[in-house]
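Let me put the structure up, and then I'll talk you through the part I keep coming back to.

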Amino acid sequence: MNWGVIDRYAKSLIKEAGHKIRMSFFNPIHIDSKANANDLVTNIDREIERFFIGRIKKDFPDHKIIGEEGFGDRVETLEGVTWILDPIDGTMNFVHQKRNFAISLGIYVDGVGMLGYIYDVIHDDLYHAKKDEGAYFNDERLPKLEKTLLSDAVIGINASWVAPNRHVDHEKVVELIRECRGTRSYGSAAMELAYVSTGRLDAYISMRLSPWDIAGGAVIASEVGAISTNLKGERLRFLEQDTFIVARPGLHDHILSNYIRLKERDV
Ligand code: IPD
Ligand code: CA
Ligand code: CA
């Protein structure tokens, strides 16, 4: 497999898709909801996913594609090459703010992340990585992350996990947010992974993410030495929803051991 060729191909597809998204602002957007009233999807999420799938199927007919909007393949194993795509991560931001959303793409071989991309469409910023060859913010190589203390750490977390919820003992999460330096919530898991990878955040935690939210970012994070697992400390799986944490080395263990108590259904 020529990964240089696939890398260049993926980057040009992403840039073309980003242009389409920016152009979409000149026309009315159709908004629907999915699992619940706040789970939004637009005609643009669907069009962009179809754009990627049409191209990839034509140019790499033996590759599989998992896409959030369901136009890809019904994938049961990660054997072979699998593209894992979220055409717009942060759809609520896309609809309400027209910023703070990203295209997220990971390309996996037999379950191992080879290429990862997060494209901040509005800023034209591409975070990208190739396995064992380092991670980049546009053309700038990202340095390896160093350890930090919780008291100096800024943590990405959604406020829902600090309120009583079905997944985790929220009182321990309250302790975590009291003991860290500050918290942020950007509304796009992919962007939050990009921010951990660039050191703008020190950790990001979620109780429920899907493979397409994290497949691109996991490759980038791993190249800078960030640790990403589920909240049981197990390696990521890319065929189902799960809990999630990505953090600087050291901080990852510290948070999991002292502040995360999963409830019965997630243990
Ligand atoms: C969502 C965003 C959000 C996260 C949700 C995801 P979507 O993705 O990443 O930050 O908290 O769990 O579903 O629906 O905008 O692609
Ligand atoms: Ca998403
Ligand atoms: Ca999405």
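So, look at the two calcium ions, ligand 2 and ligand 3: they sit 3.7 Å apart, and aspartate 86 coordinates both. Do keep in mind that this is a predicted model.

Let's take the ions one by one. Which residues hold the calcium ion, ligand 2? That's Asp86, Asp89 and Asp213, each through OD, at 2.1 to 2.2 Å. If you write the donors of ligand 2 out along the chain, the spacing reads D-x2-D-x123-D. Aspartate 86 is in strand β4, residues 81-89, while aspartate 213 is in helix α6, residues 211-223, so this pair ties together parts that are 127 residues apart in sequence.

Are those two aspartates buried or exposed? Aspartate 86 is buried, with a relative accessible area of 1%. Aspartate 213 is buried too, at 10%; the cut-off for calling a residue buried is under 20%.

Glutamate 68 comes from the loop between β3 (64-67) and β4, and isoleucine 88 from strand β4 itself, so to speak two distant parts of the chain, 20 residues apart, get linked. As for accessibility, glutamate 68 is partly exposed, with a relative accessible area of 24%, whereas isoleucine 88 is buried, at 1%.

Okay, let's zoom out to the whole chain. How many helices and strands does the protein chain have? There are 7 helices and 14 strands. And how does the overall size work out? For 267 residues, a compact globule would have a radius of gyration near 18 Å, and the protein chain has 18 Å, which agrees. Along its principal axes, the C-alpha trace spans about 50 × 40 × 35 Å.

Of the 267 residues, 54% count as buried. If you take contacts between residues at least 6 apart in sequence, 61% of them join residues at least 24 apart.

The chain exposes about 12,400 Å², with carbon and sulfur atoms supplying 47% of that. There are 34 positive and 40 negative charges, and their mean positions are 1 Å apart.

Key
Residues are numbered from 1 along each chain as its sequence is written. Chains are lettered from A and ligands numbered from 1 in the order in which they are written. This is a predicted model: local features need pLDDT of at least 70, side-chain atom pairs count only at pLDDT 80 or more; totals for chains, interfaces and linings use all residues. Side-chain values use heavy atoms; hydrogens and water are left out. Helices (H or I, at least four residues) and strands (E, at least two) are DSSP runs, numbered from the N terminus. The radius of gyration is taken over C-alpha atoms; the globule rule is 2.2 Å times the number of residues to the power 0.38. Buried means under 20% relative accessible area, exposed over 50%, partly exposed in between (1.4 Å probe, protein chains only). Contact means heavy atoms within 4.5 Å. Accessible areas come from the Shrake-Rupley method with a 1.4 Å probe; for residues, only the protein chains shown count as cover. Lys and Arg count as positive and Asp and Glu as negative; His and the chain ends are not counted. The place of a charge is taken as NZ of Lys, CZ of Arg, CG of Asp or CD of Glu. Donors are N, O and S atoms within 2.8 Å of the metal (3.2 Å for Na, K and Ca); water is not among the atoms, so sites may look incomplete.
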